[in-house]
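User: I would like to go through some of the labels used for this structure and see what each one rests on. Please set the values against the cut-offs as we go.

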Amino acid sequence: MTRPPAERTRIRDRLRSGTRFLITSHARPDGDSLGSQLALAEALTRLGKRVRLVNSDPPPGRYAFLPGAPAIEVAETVEAGADTVVVLECGALGRTEVSGLEGRFIVNIDHHTGNTRYGAVNWVDESACACGELVFELIEALGTRLTPSIATNLYVAILTDTGSFRHANITARTFEICRRLADAGVDAAAVAARVFNNGSLGRLRLTGRVLDRMQLEDDGRVAVLAVDEAMLRETGCDADDLEGVVNLPLAAGDVRAVILLKQAGTGLRVSLRSKDAIDVRRVAVPFGGGGHRNAAGLTIEAPSPDVRARLVTEVAAAVAESRSA
Ligand code: AMP
Ligand code: MN
């Protein structure tokens, strides 16, 4: 057992003794943040607690089917009220893009490397494949029943954050949890169809266009994708439709890492992906970003003209470092 049970026990006790909870997660939510939030919210509600779910952005359409999703409030600021704020899946408090959380009793549950431990209690387990894995353990510790809806939310968290069971940090424990979730009533094929096979034709066209314009650097080891707002407009898409696109170049054996540049107003959002031991989180951190070894991101508010070249240089260096290791 490598997990720190002391923090989990403290959190379990706080959840049992508290009465009013606010659960939040990162801006531009994904399957792990939403599934984790909704599963924990249902478990607490079943224990008779009052629970509010607040995020700075609404769930993307592909996650609107998640049980309980309509209860999520969208707000940029929250007023006092809850005795405990649970922040899930956030390496730093600022990732919520929700203000009014500072100074509250925060329970921080996360699996990102370099979590800043902003909570009154911090349960950070980098070995977890998804935050949903930690929420599963917490719900188990609380002793609440694994309902089909809780199980479905946790399954979506794990399915999406592991890239459909392809990423690092997948362990026997991951499959054991999924076995329990299936036992509790998850329809895995139906979930996969809702998440992956229910997008718009525009999204498919956008994906084609982005891949068609892919550029290769570092002798084909680094793929660079770029999306501007015109491409989104012309295909009738929004930034949410790009989820997963950054992983696609990894399908080519020679591609070792991917840089996706997304124009966001005058700023730039960057997603980085890599294979094996190549550490792209270390590329993201000096730019103020973060994430995991093989999946990281960063935001640049005022990008300089050489930002693409700088990122290529740094990612190529990370690729070289892993080859010489
Ligand atoms: P994305 O490329 O947006 O899917 O993010 C990949 C990973 O990097 C996720 O684990 C994110 O939580 C993390 N990440 C993305 N953007 C940032 C950022 N600006 N700061 C810290 N972590 C980030
Ligand atoms: Mn996650």
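User: What makes Cys 237 count as buried?

Analyst: This is a predicted model, and the values discussed here are computed from it. Cys 237 has a relative accessibility of 11%. Buried means under 20%, so Cys 237 counts as buried.

User: Why are H2 and H3 called roughly parallel?

Analyst: Helix H2 (residues 31–46) and helix H3 (residues 131–142) pack at an angle of about 10°. Angles under 35 degrees count as roughly parallel, and H2 and H3 are therefore given that label. Their axes are 9 Å apart. On the H2 side the contact is made by Asp 32, Ser 36, Ala 39, Leu 40 and Ala 43, and on the H3 side by Cys 131, Gly 132, Val 135, Leu 138 and Ile 139. By class, these residues are seven nonpolar, two polar and one charged.

User: What makes H3 roughly antiparallel to H4?

Analyst: The axes of H3 and helix H4 (residues 148–161) cross at roughly 150°. The label applies to angles over 145 degrees, so H3 is roughly antiparallel to H4. The two axes come within 8 Å. In this contact Gly 132, Glu 133, Val 135, Phe 136 and Ile 139 of H3 meet Ile 150, Leu 154, Ala 157 and Ile 158 of H4. The classes are seven nonpolar, one polar and one charged.

User: Why does Leu 88 count as buried, and what does Leu 88 touch?

Analyst: Leu 88, in strand S4 (residues 84–88), has 0% relative accessibility. With the limit for buried at under 20%, Leu 88 counts as buried. Leaving aside residues up to four places away in sequence, the residues touched by Leu 88 include Ile 23, Thr 24, Ser 36, Leu 40, Ile 109, Cys 131 and Val 135. Its C-alpha atom is separated by 9.1 Å from that of Gly 132, 44 residues apart along the chain.

User: How do you know that Arg 62 and Glu 243 form a salt bridge?

Analyst: Their side chains meet with an N to O distance of 3.1 Å. A salt bridge needs a side-chain nitrogen of Lys or Arg within 4 Å of a carboxyl oxygen of Asp or Glu, so the pair qualifies. Arg 62 lies in the loop between strand S2 (50–55) and strand S3 (73–74), and Glu 243 in the loop between helix H8 (229–235) and strand S9 (257–264), so the pair ties together parts that are 181 residues apart in sequence. Arg 62 is buried, at 15%, whereas Glu 243 is partly exposed, at 30%.

User: Why does Arg 221 count as buried?

Analyst: The relative accessibility of Arg 221 is 19%. Buried means under 20%, so Arg 221 counts as buried. Arg 221 lies in the loop between strand S7 (215–217) and strand S8 (222–227). Among the residues it touches are Asp 254, Arg 256, Val 319 and Arg 323.

How values were computed. Residues are numbered from 1 along each chain as its sequence is written. Chains are lettered from A and ligands numbered from 1 in the order in which they are written. This is a predicted model: local features need pLDDT of at least 70, side-chain atom pairs count only at pLDDT 80 or more; totals for chains, interfaces and linings use all residues. Side-chain values use heavy atoms; hydrogens and water are left out. Helices (H or I, at least four residues) and strands (E, at least two) are DSSP runs, numbered from the N terminus. Buried means under 20% relative accessible area, exposed over 50%, partly exposed in between (1.4 Å probe, protein chains only). Axes are lines fitted to C-alpha atoms, for helices over the stretch in contact, and angles run from 0 to 180 degrees between N-to-C directions. Angles under 35 degrees count as roughly parallel, over 145 as roughly antiparallel, 65 to 115 as roughly perpendicular and the rest as oblique. Contact means heavy atoms within 4.5 Å. Ala, Val, Leu, Ile, Met, Phe, Trp, Tyr, Cys and Pro count as nonpolar, Asp, Glu, Lys and Arg as charged, and the others, Gly among them, as polar.
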